[in-house]
Amino acid sequence: LTLLPPVYDTERSYTSPLATTTMLDKDCCHWDRVKYAAYTRFKEPKLYRLAVSGDWDEIPQRAKSHPKEAQFKHSYAPMDMALHRLLRAPLKISDDEETQNNIKKIRFEAVEALLNANADACRDKDT
């Protein structure tokens, strides 16, 4: 698998009579998606991915063992940090009050761990 786009002759037309966009335009969008996928796969730290995926119970241990990961700020929109992702995530509603309280407790512990690892995250604006 190569991550580099093929070389195009920019003088030649890649449009078809039925198409409204050129092949070059389609490939640019495709390569933007490929670049984003590679970025999220190889650049996002595990702590950020835990916040996104909702595995909040693993965040406190990871924040203690890898505190630098709490400083990671995403380069693509919304350019947020793990703390922002965690706080923006909706709480899972449960009919059982005990389960709901456990979810809130786990989320609180995760937020606390992220703030202990990187207190400056609360000063950084979420976009």
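Start at Y36, which is partly exposed, with a relative accessible area of 35%. The model shown here is predicted. Y76 is also partly exposed, at 31% relative accessibility.

Now look at the aromatic rings. The whole structure holds 4 aromatic pairs. Y36 and Y76 make one of them, in an edge-to-face arrangement.

Y48 and F72 form another edge-to-face pair. Here the centres are 5.4 Å apart and the angle between the planes is 75°. Y48 lies in helix 2 (residues 46-53) and F72 in the loop between helix 3 and helix 4, so this pair ties together parts that are 24 residues apart in sequence. Both Y48 and F72 are buried. Step back, and one aromatic cluster comes into view: Y36, Y39, Y48, F72 and Y76.

Next come the charges. The structure has 6 salt bridges. One of them joins D32 to K35, with the closest N and O atoms 3.6 Å apart. D32 and K35 are 3 residues apart in helix 1 (residues 23-42), so about one helical turn separates them. D32 is partly exposed, because its relative accessible area is 43%.

E69 and R62 form another salt bridge. Its closest N and O atoms are 2.6 Å apart. Both E69 and R62 are buried.

What is the N to O distance in the salt bridge between D80 and R85? It is 2.6 Å. D80 has 0% relative accessibility, so D80 counts as buried. R85 is partly exposed, with a relative accessible area of 22%. D80, R85 and R88 are linked in a network of salt bridges.

Which residues form a negative surface patch? They are D95, D96, E97 and E98. E98 belongs to helix 5 (residues 97-117). Is E98 buried or exposed? E98 counts as exposed, because its relative accessibility is 56%. Exposed means over 50%.

Definitions and conventions
Residues are numbered from 1 along each chain as its sequence is written. This is a predicted model: local features need pLDDT of at least 70, side-chain atom pairs count only at pLDDT 80 or more; totals for chains, interfaces and linings use all residues. Side-chain values use heavy atoms; hydrogens and water are left out. Patches are made of residues with over 30% relative accessible area and no salt bridge: like charges are joined within 9 Å, nonpolar side chains (Val, Leu, Ile, Met, Phe, Trp, Tyr) within 5 Å. Accessible areas come from the Shrake-Rupley method with a 1.4 Å probe; for residues, only the protein chains shown count as cover. A salt bridge is a side-chain nitrogen of Lys or Arg within 4 Å of a carboxyl oxygen of Asp or Glu. Lys and Arg count as positive and Asp and Glu as negative; His and the chain ends are not counted. The place of a charge is taken as NZ of Lys, CZ of Arg, CG of Asp or CD of Glu. Helices (H or I, at least four residues) and strands (E, at least two) are DSSP runs, numbered from the N terminus. Buried means under 20% relative accessible area, exposed over 50%, partly exposed in between (1.4 Å probe, protein chains only). Rings of Phe, Tyr and Trp (its six-membered ring) pair if their centres lie within 6.5 Å; planes under 30 degrees apart count as stacked, over 60 as edge-to-face and the rest as tilted.
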